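Biologist: Could you walk me through this model and tell me what lies behind each label?

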Amino acid sequence: MKKIASFTVDHDLLDPGIYVSRVDGDITTYDLRTRKPNGGDYMDSRTMHSVEHMFATYVRNSEIKDSVIYFGPMGCRTGFYLITRDVPNEKVLEVTLDVLRKIIAHEGEVFGASRKECGNYLDLDLSDAKWECEKYLAVLENKVNDFKYRG
């Protein structure tokens, strides 16, 4: 059986950053890698869940809202996937940085933090989301983001 594209990337060579995972016509899947794979430091469920609620809400209300297909966590707990249609890489990076800053500055409740809105609404914490986003923002602001995997 043929391997899927993400299994052909040597995860031992990946560092936190933003990468193009695949391009399918006008649809691009971005790898928003917040943590070093296989490094022993993985997001817990509450952090992943909280970032997902916050990032998904902000990005779906951003200037690229009509082009966002999906945002969600990776099963390995080292990052997230953002899938967009027909948006240049540089614009995705710009919006990602803006969304991270908005999450860090957010006051109030986590978006969708009620029983009616979420199937596990008690497993959300804004401070966890802010902490993860602060770390990731620092990575993206302090590296060359060429969207390319190494190796």
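**Rings, strands and helices**

Modeller: Gladly! Ring pairs join Phe55, Phe71 and Phe80 into a cluster. This is a predicted model, where local features need pLDDT of at least 70 and side-chain atom pairs count only at pLDDT 80 or more, while totals for chains, interfaces and linings use all residues. Residues are numbered from 1 along each chain as its sequence is written, and side-chain values use heavy atoms, with hydrogens and water left out.

Biologist: What makes the pair of Phe71 and Phe80 stacked?

Modeller: Rings of Phe, Tyr and Trp (its six-membered ring) pair if their centres lie within 6.5 Å; planes under 30 degrees apart count as stacked, over 60 as edge-to-face and the rest as tilted. The centres of Phe71 and Phe80 are 5.2 Å apart and the planes stand at 15 degrees, so this pair is stacked. Phe71 and Phe80 are both buried, where buried means under 20% relative accessible area, exposed over 50% and partly exposed in between (1.4 Å probe, protein chains only).

Biologist: And why is the pair of Tyr30 and Phe147 called edge-to-face?

Modeller: Tyr30 and Phe147 have 6.2 Å centre to centre and 70 degrees between the planes, which makes the pair edge-to-face. Tyr30 lies in strand S2 and Phe147 in the segment after H3, so the pair ties together parts 117 residues apart in sequence. Helices (H or I, at least four residues) and strands (E, at least two) are DSSP runs, numbered from the N terminus.

Biologist: Why is Ala105 called exposed?

Modeller: Ala105, found in helix H2, has a relative accessible area of 54%, so Ala105 counts as exposed.

Biologist: What makes S1 and S3 edge strands?

Modeller: Four strands form an open antiparallel sheet in the order S1-S2-S4-S3. Strand S1 (17-24) and strand S3 (68-73) each have a single partner strand, so one side of each is left without a neighbour in the sheet.

Biologist: How do you know that S2 and S4 pair?

Modeller: Two strands pair if DSSP finds at least two bridges between them. Seven bridges join S2 (residues 27-33) to S4 (residues 79-85), so these antiparallel strands pair.

Biologist: Why is H1 called roughly perpendicular to H3?

Modeller: Axes are lines fitted to C-alpha atoms, for helices over the stretch in contact (heavy atoms within 4.5 Å), and angles run from 0 to 180 degrees between N-to-C directions. The axes of H1 and helix H3 (residues 126-141) come within 8 Å and cross at roughly 85 degrees. Angles under 35 degrees count as roughly parallel, over 145 as roughly antiparallel, 65 to 115 as roughly perpendicular and the rest as oblique. H1 is therefore roughly perpendicular to H3.
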